Amino acid sequence: MLTEETKNIIKATIPVLEEHGTEITSAFYQHMFEAHPELLNVFNKTNQKLGRQQTALAQTVIAAAKHIDRLEAIVPNVNQIAHKHRALEIKPEHYPIVGENLIWAIQHVLGDAATPEIVEAWTETYGVIADVFIQMEAALYDEADWQGFVPFKVVAVKEESPEIKSFTVQSDAVQLKPVKAGQYITVKVHPEDETNDALRHYSICSVNTSRGLKFAVKRDVAGEERGMVSNYLHDHVKVGDEILLSAPAGEFLVDTDNKDLVFISGGVGMTPLMSMLEDEVDKRSIKFIHSAYNRDAVPFKDEITKLHNNSNVAFYFNYSESAGRLTKEKLSRIMNGNEEIYMCGSVGFMEGMLEIFSDMGIDRSRVHFEPFGPKMSITV
Ligand code: HEM
């Protein structure tokens, strides 16, 4: 239990943390990786370089500080992060390492302003926040379909579009259960020319695992930070190869009584929505809005074609090459505003959609989303 005095110190330091949050977390990561280079095997180097992870951690710590009187308010955020931590095999023994380095970074960036009382208050508060994560993750480890990273054999590779491949994998070591629609798996690979392991989450395409677990990977070629793992999977992994997978994770699930659903995806964001569609199409009316560069770029054409005559689902495709982006006007023509919305795509795509929904007066509680990239780095 934190004392009132500690809570007051935490509240008083929020403005300074907001001002220096990302600076503190950047210093924290650098310092932590110098002392613990083995952690480079779990952190995503691309996210580090792009600063996304720094923003996400800073946002989370600030959110926790703001809700220090009522930490249960941040549980939905913690739940989403805890799923990722469990999928990455983050364990209780890692928390003191993060704690020590975070406190060091606060002292380093704030200098003399970080009085012993402030340092003490943050050390205690970190412990409380860490316990919330550790407890939630313990429950997720208990309910996981298998523990740790297990070898799977690739039994099928399919080009879903010029940029997207799906991989179907099976393992003798685990008895596959049906997957919850919307979940992802986590792949661990070690490309030959890399010093460290690389871990990535990829959405599962189908809830049906009778022929294996199928997940989709978009080859990430944009900019300097071209995706190391997606390119490795596209170029090197073929039928018969083995890859390591941890158990399905994620809380981006359809959880509503609303009979009308709208699915909105950008690019490979279609993947988790396809497993949701498979699960929901017999139960509800679904408008599926997909934004792609052009028709060629649309994945899962076989599955979409099979649903052609299903009156429960209507597909709307927006091709940005010819029609530009999705806008409020376009969405207003399709949606009635009373549906429950599930969407998935890049952080930028999500931010654009959230702005449009806010313009349309749609209550945020009806918008469920999962970006590719840390959710807490979204600032809309
Ligand atoms: C991801 C917060 C402890 C390792 C994340 C994310 C947040 C976060 C916000 C991004 C989730 C997303 O993708 O949406 C925290 C907080 C912690 C904590 C507040 C302490 C209370 C730890 C510990 C470790 C760890 C102890 C292990 C040393 C990771 C890794 C990722 C991650 C590897 C994936 C990020 C990436 O590489 O892109 N965490 N975390 N975290 N966390 Fe933590």
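Predicted model: local features only at pLDDT ≥ 70, side-chain atom pairs only at ≥ 80, totals over all residues.

Colleague: Where is Glu-89 found?
Modeller: Glu-89 sits in the loop that runs between H4 and H5, and although Glu-89 is not a glycine, its phi is positive, at about 65°.

Colleague: And Phe-300, what is its phi near?
Modeller: Phi of Phe-300 is near 55°, which is again a positive value in a residue other than glycine. Phe-300 belongs to the loop between strand S8 (285-292) and helix H9 (301-306).

Colleague: Is Phe-300 buried or exposed?
Modeller: Phe-300 counts as buried, because its relative accessibility is 1% and the cut-off for buried is under 20%.

Colleague: Switching to the ligand, which protein donor does the iron atom have?
Modeller: The only protein donor of the ligand's iron atom is His-85, through NE2, at 2.1 Å. His-85 itself is part of helix H4 (residues 75-87).

Colleague: What about Asn-79, what is it in contact with?
Modeller: Asn-79, which also lies in helix H4, is in contact with Met-136 and Glu-251 once its neighbours within four places in sequence are left aside. Asn-79 is partly exposed, with a relative accessible area of 25%, and its C-alpha is 35 Å from that of Pro-162, a residue 83 positions away in sequence.

Colleague: Now the helices, at what angle do the axes of H1 and H6 cross?
Modeller: The axes of helix H1 (residues 4-35) and helix H6 (residues 116-143) cross at roughly 100° and come within 9 Å of each other. The two helices are therefore roughly perpendicular, a term that covers angles of 65 to 115 degrees.

Colleague: Which residues meet there between H1 and H6?
Modeller: From H1 there are Thr-6, Ile-9, Ile-10, Thr-13 and Leu-17, and these meet Glu-117, Ile-118, Ala-121, Trp-122, Glu-124 and Thr-125 of H6. Sorted by class, this contact of H1 with H6 has six nonpolar, three polar and two charged residues.

Colleague: Which residues touch the most other members in the largest nonpolar core?
Modeller: That core has 46 residues, and Phe-28, Met-32 and Trp-122 are the ones that touch the most other members. At least two residues of this core come from each of H1, helix H3 (52-66), H4, helix H5 (95-110) and H6.

Colleague: And Trp-122, which residues is it in contact with?
Modeller: Setting aside neighbours within four places in sequence, Trp-122 is in contact with Ile-10, Thr-13, Leu-17, Val-61, Ala-65, Ile-103 and Ile-106. Apart from the core I described there is another one, of 26 residues, among them Val-254, Val-268, Ala-292 and Ile-304.

Colleague: Okay, back to Ile-304, what does it touch?
Modeller: Ile-304 is placed in helix H9, and not counting residues up to four places away in sequence it touches Met-270, Met-274, Val-298, Pro-299, Phe-315 and Phe-317. Ile-304 counts as buried at 8% relative accessibility, and its C-alpha atom is separated by 47 Å from that of Ile-24, 280 residues apart along the chain.

Colleague: Last one, where is Lys-214, and is it buried or exposed?
Modeller: Lys-214 is in strand S5 (residues 213-218), and at 18% relative accessibility Lys-214 counts as buried. Leaving out residues up to four places away in sequence, Lys-214 touches a set of residues including Glu-160, Phe-167, Cys-205 and Glu-303. The C-alpha atoms of Lys-214 and Ser-230 are separated by 15 Å, with the two residues 16 apart along the chain.

Colleague: And Ser-230, what is it in contact with?
Modeller: Ser-230 lies in helix H7 (residues 228-236) and counts as buried at 4% relative accessibility. With its neighbours within four places in sequence left aside, Ser-230 is in contact with Tyr-202, Val-217, Lys-218, Arg-219 and Asp-220.

Terms used
Residues numbered from 1 in each chain as written. Heavy atoms only, no water. Axes fitted to C-alpha atoms, helices over the stretch in contact; angles between N-to-C directions. Helix = DSSP H or I, 4+ residues; strand = E, 2+ residues; numbered from the N terminus. Parallel < 35°, antiparallel > 145°, perpendicular 65-115°, else oblique. Contact = heavy atoms within 4.5 Å. Nonpolar A, V, L, I, M, F, W, Y, C, P; charged D, E, K, R; others polar. Donors = N, O, S within 2.8 Å, 3.2 Å for Na, K, Ca; no water. Core = buried A, V, L, I, M, F, W, Y, C linked by side-chain atoms within 4.5 Å. Buried < 20%, exposed > 50% of the residue type's maximum accessible area, 1.4 Å probe, protein only.
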